[in-house]
Amino acid sequence: MALNQNQFGMLTTAGTRLNPNGPTMTVEFYDASASTTVVAGEMVCIGSTVRPNVTKVIKGTGLTSAYFGVVLTNPLKESWTTGEKLEIAIMGSLVTMTAGALITAGASLQYSYSTFKVVTQTASNTIIGVALDNATADADLIRVFVFQKAISGATGATGETGATGATGATGATGRTGATGATGATGATAP
């Protein structure tokens, strides 16, 4: 839905940033098909970064994609195509998103890439944030606290292996064994 910049009051829509000083990032949308678009409220994944420091984002393709941010509302633009720059909300942002079903405040959320909606996280699907409001039905708008990089719902993110510790000191030399028995005296020479 396009927003009219001459309207008296702005509507709260999916993709509205609720904390004005919350972290955002300007990125470029990429898709192999020039006709593919992204819209406000849709989650995106990092595709690649090229010089000079342009982070490209792509659409996620599954419930376990590594979602990175939420496309923010722009009153002058409804959707973005390949090569266009857009702003996304990242870790620590509060964003309005569309619920796909009943949701309880405080629930971990997953993103449904086919409907552009959030639902309560199930199984090992990627957690993208936490619901700050209750949703009583499909299509309700709720506030979501966004995570920077999605984590697996099954076990959570795993940290890196730490550095190997220093080699311990060499142990002391063991005791010398007992002297063996003296052999028999040999025959006397003629």
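This is a predicted model: local features need pLDDT of at least 70, side-chain atom pairs count only at pLDDT 80 or more; totals for chains, interfaces and linings use all residues.

User: How many salt bridges are in the whole structure?
Analyst: A search of the whole structure turns up six.

User: What lets side chains pair up like that?
Analyst: Side chains of opposite charge can pair when their charged atoms come close.

User: Give me one. Which side chain does Lys59 meet in a salt bridge?
Analyst: Lys59 pairs with Glu42, at 2.7 Å from N to O. Lys59 is in strand E4, residues 54-59. Glu42 sits in the loop between strand E2 (37-39) and strand E3 (43-50). The two are 17 residues apart in sequence, so the pair ties together those parts.

User: Is Glu42 buried or exposed?
Analyst: Glu42 is buried, because its relative accessible area is 2% and the cut-off for buried is under 20%. Lys59 has 22%, so Lys59 counts as partly exposed.

User: And Arg143, what does its side chain meet in a salt bridge?
Analyst: The partner is Asp133, at 2.9 Å from N to O. This pair links distant parts of the chain, ten residues apart. Arg143 belongs to strand E12 (residues 141-151). Asp133 is in the loop between E11 and E12. Arg143 is partly exposed at 37% relative accessibility. Asp133 is partly exposed too, with 21%.

User: What about Lys77?
Analyst: Lys77 forms a salt bridge with Glu84, at 3.1 Å from N to O. Lys77 is partly exposed at 31%. Glu84 is partly exposed, with a relative accessible area of 26%.

User: Which residues are linked in a network of salt bridges?
Analyst: Glu28, Lys56 and Lys85.

User: Tell me about Glu28. Where is it?
Analyst: Glu28 is in strand E1, which covers residues 24-29. Glu28 has a relative accessible area of 12%, so it counts as buried. Its side chain makes a polar contact of 3.4 Å with the side chain of Lys85.

User: What else does Glu28 touch?
Analyst: Residues up to four places away in sequence are left out here.

User: New topic. Which residues touch the most other members in the largest nonpolar core?
Analyst: That core has 20 residues. Met97, Ile103, Leu109, Val118, Ile128 and Ile142 touch the most other members.

User: Which strand gives the most to this core?
Analyst: E12 does, with three residues. At least two residues each come from E3, strand E5 (67-71), strand E8 (94-98), E9, E11 and E12.

User: Zoom in on Ile103. What is it in contact with?
Analyst: Neighbours within four places in sequence are set aside again.

User: Where do Phe116 and Ala123 lie?
Analyst: Phe116 lies in the loop between strand E9 (108-112) and strand E10 (117-120). Ala123 is in the loop between E10 and strand E11 (127-131).

User: Are they buried or exposed?
Analyst: Phe116 is partly exposed at 32% relative accessibility. Ala123 is exposed at 68%, because exposed means over 50%.

User: Last one. Where is Thr13?
Analyst: Thr13 lies in the segment before E1. Its relative accessible area is 16%, so Thr13 is buried. The side chains of Thr13 and Thr73 are joined by a polar contact of 3.4 Å.

User: How many residues apart along the chain are Thr13 and Thr98?
Analyst: They are 85 residues apart along the chain. Their C-alpha atoms are separated by 8.4 Å.

Key
Residues are numbered from 1 along each chain as its sequence is written. Side-chain values use heavy atoms; hydrogens and water are left out. Helices (H or I, at least four residues) and strands (E, at least two) are DSSP runs, numbered from the N terminus. Buried means under 20% relative accessible area, exposed over 50%, partly exposed in between (1.4 Å probe, protein chains only). A polar contact is a pair of N or O atoms within 3.5 Å; within protein, one must be able to donate a hydrogen and the other to accept it, and residues adjacent in sequence count only if both atoms are side-chain atoms. Contact means heavy atoms within 4.5 Å. A salt bridge is a side-chain nitrogen of Lys or Arg within 4 Å of a carboxyl oxygen of Asp or Glu. A nonpolar core is a set of buried Ala, Val, Leu, Ile, Met, Phe, Trp, Tyr and Cys residues joined through side-chain atoms within 4.5 Å.
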